[in-house]
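Hello, and thanks for passing this one along. Here are my notes, point by point, to read beside the coordinates.

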Amino acid sequence: IPSVSNIVPESCLLIVVGLLVGGLIKGVGQKPPILKSDIFFLFLLPPIILDAGYFLPLRQFTENLGTILIFAVVGTLWNAFFLGGLMYAVCQLGGPGLNHISLLANLLFGSIISAVDPVAVLAVFEEIHINELLHILVFGESLLNDAVTVVLYHLFEEFANFEQVTIIDIILGFLSFFVVSLGGVFVGVIYGVIAAFTSRFTSHIRVIEPLFVFLYSYMAYLSAELFHLSGIMALIASGVVMRPYVEANISHKSHTTIKYFLKMWSSVSETLIFIFLGVSTVAGHHYWNWTFVISTLLFCLIARVLGVLVLTWFINKFRIVKLTPKDQFIIAYGGLRGAIAFSLCYLLDYKHFGMRDMFLTAIITVIFFTVFVQGMTIRPLVDLLAVKKKQETKRSINEEIHTQFLDHLLTGIEDICGHYGHHHWKDKLNRFNKKYVKKCLIAGERSKEPQLIAFYHKMEMKQAIELVESGGIGKIPSAVSTVSIQNINPKTLPVERILPALSKDKEEEIRKILRNNLQKTRQRLRSYNRHTLVADPYEEAWNQMLLRRQKARQLEQKMNNYLTVPAHKLDSPTMSRARIGSDPLAYEPKADSENLPIITIDPASPQSPESVDLMNEEPKGCGGLPPSPEEDEEGLVMRVKEPSSPGTDDVFTPGTGDSPSNQRMLRCLSDPGPRPEPEEGEPFIPKGQ
């Protein structure tokens, strides 16, 4: 009934089914079965965690790892101690039925109820299709807070047996957190590497390939639980480590088997967990205390909201993509509790914790409230707040190329800045992986295959399978490459991997271009470091050339400043002759004007202003020195041009002003420059006394 499942999450419906089944069993006089903790932790929980870890979106997870760890570790610790402390205060004030509960018992209860449950989060968040960032933040927190929960649970359980807790016990308990979390990751990595190495030799027995994935993952979980380490961390680590190498070694059929068997197994476990929660609610022994139950529910919500607000305020100081108030609301609202808290409480010993039934009742109430109320209202709230949904897009070669390009670019920028961010360490890890790890764990030529080519093969295989499933085998478009055609017909598959139907030279050329431009950028530039810069042999020559250009530019600027005649309105030849004829004394040479440029004008011939010649052009300004103030005030001296002797040609006979340097000076004089305009009433050419 899709209309019901759109309103009520599947987990809520399963709990209702469990309640009905438990009531039916009890109604016929039988005792309903109770979800035992051993069954839950050994058989029902591992498939869900393995499915989540094996198909974990690694890129989003690593990019937000700091935020996830802060929420998972600091947030869970805050919830546990805040809730435990307040519940102890409630117990002291709550009357005779509660004041016998000790502080340690309340802290243990707080550590059980504070952790966000991965099963409940998966069940609700996958239905509302929230965006990748919020999904990985809440789901990553629910996975990684297992280490904190396990440490606090065992710690307070042990402290309850002690007569006196010393400072050394508290310090050892703090150190045990690192042992439990890092020990679980270490166990998972070891089993992941063993699984990847084993899959290298399974090419002749493809049938049992999926078995190794399940076997080694389960062994990692059991080994971690054996030493009281975090089994969930071990499962996640083993799944993340083994997946890229196992998928490169196993066949496509084995990959499909692993994918669907994990999905089916986790779905069955999830269904059984929620049904058993409902059945156990009917069958279990309960002790209802209004004060304790309502206080627990209220303080759970307050602690979650306060923790998210304070931690997000701190995290946003360091994040590039800030978490908005809408995101904070969804993170706080998505802190669902589930069967892990129920099973941990069920494990408590009656000898040391006589109030176990009251704890169970409070925990079931919180689980039901978070799963039913928050789980049912989160979808309408996401729509109401217009929170970004997940975009279902198919990855393309173009996107893969640009993603790799941006990764290399950001790594290079971090290298140049000397800032070792996560791109730098990610690149170091990738290079180590390609150089050493892949050769040991991946069989054949696939260990040397570039990431882009491998992604291309995966895309082609997916396209071919979609074509076969859609029944479009007879309508294959021309754009489909020969790889898809070959993969559609499995009978023609040889033992080795099928490559595009290109000539060997062409194929090698394509690989070389892609490899050089997309894979080995850092190797080509690895000598460039801000600490060890290699000397450039052409650097000195470039510097000399730049200095020469700068000097030439300065010289030209000085010449423009000192030798440019200000722009003025040119007179007609008739007016020029009339001015010179009316006052010839103004243009007579002065006694101290040997070094001034002398312009001669023939007053008799109506020549254009372009016929003005420069006779003496050695002003002091041309040598790069500014003229003296006296010369600057006197201006230019003009002389009447002497008539040429008979038999000489005015045009073709070179005069004293026809040398190249004189022509350059003439260009300087004819160019109006930045010299200020003469003031009103000041003569353009001062008269001689």
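1. Let me begin with helix α11 (residues 231-249), where R243 and E247 both sit, 4 residues apart, or about one turn of the helix. Their side chains meet in a salt bridge, with 3.2 Å from N to O. R243 counts as partly exposed because its relative accessible area is 25%, and E247 falls in the partly exposed class because its value is 22%. Please keep in mind throughout that this is a predicted model.

2. In total, the structure holds 9 salt bridges.

3. Another pair worth a look is R304 with E141, a salt bridge whose closest N and O atoms are 2.8 Å apart. R304 belongs to helix α13 (residues 290-315) and E141 to helix α8, so this pair ties together parts that are 163 residues apart in sequence. Are these two residues buried or exposed? Both R304 and E141 are buried.

4. R379 forms a salt bridge with E127, and here the closest N and O atoms are 4.0 Å apart. This pair links distant parts of the chain: R379 is in helix α16 (residues 356-384) and E127 in helix α7, 252 residues apart. R379 is classed as partly exposed because its relative accessible area is 25%.

5. That brings us to helix α7 itself (residues 118-128), which is mostly covered, with 9 of its 11 residues buried. Among the buried ones are P118, V119, L122, F125 and I128. At the start of the helix, a side-chain oxygen of D117 comes to within 3.1 Å of the backbone nitrogen of V119. Just after the helix, H129 adopts a positive phi of about 55°.

6. Now the interior. In soluble globular proteins, nonpolar side chains tend to be buried together. Here the largest nonpolar core has 122 residues, and those with the most contacts inside it are F40, L45, I112, F292 and F359. Helix α8 (residues 132-159) supplies the largest share of this core, 16 residues. A second, separate core of 5 residues includes A196, Y245, A248 and L441.

7. What does L45 touch, leaving aside residues up to four places away in sequence? Its partners are F40, V119, Y221, I232 and I340. One of these, V119, is also among the buried residues of α7.

8. T281 lies in helix α12 (residues 252-283). It counts as buried because its relative accessibility is 16%, under the 20% cut-off. Not counting residues up to four places away in sequence, T281 touches L19, H286, I364 and F368.

9. On the cysteines, the structure holds 0 disulfides. C300 counts as buried because its relative accessibility is 6%, and C345 is buried too, because its value is 0%.

10. Finally, the overall picture. The protein chain has 26 helices and 3 strands, and buried residues make up 39% of its 689 residues. Of the contacts with a separation of 6 or more, 80% are between residues 24 or more positions apart. The accessible surface of the chain comes to about 39400 Å², and 64% of this belongs to carbon and sulfur atoms.

Note on methods: Residues numbered from 1 in each chain as written. Predicted model: local features only at pLDDT ≥ 70, side-chain atom pairs only at ≥ 80, totals over all residues. Heavy atoms only, no water. Buried < 20%, exposed > 50% of the residue type's maximum accessible area, 1.4 Å probe, protein only. Helix = DSSP H or I, 4+ residues; strand = E, 2+ residues; numbered from the N terminus. Polar contact = N/O pair within 3.5 Å; in protein donor to acceptor, adjacent residues only side chain to side chain. Core = buried A, V, L, I, M, F, W, Y, C linked by side-chain atoms within 4.5 Å. Contact = heavy atoms within 4.5 Å. Areas by Shrake-Rupley, 256 points an atom, 1.4 Å probe, with all protein chains shown as cover. Disulfide = S-S within 2.5 Å.
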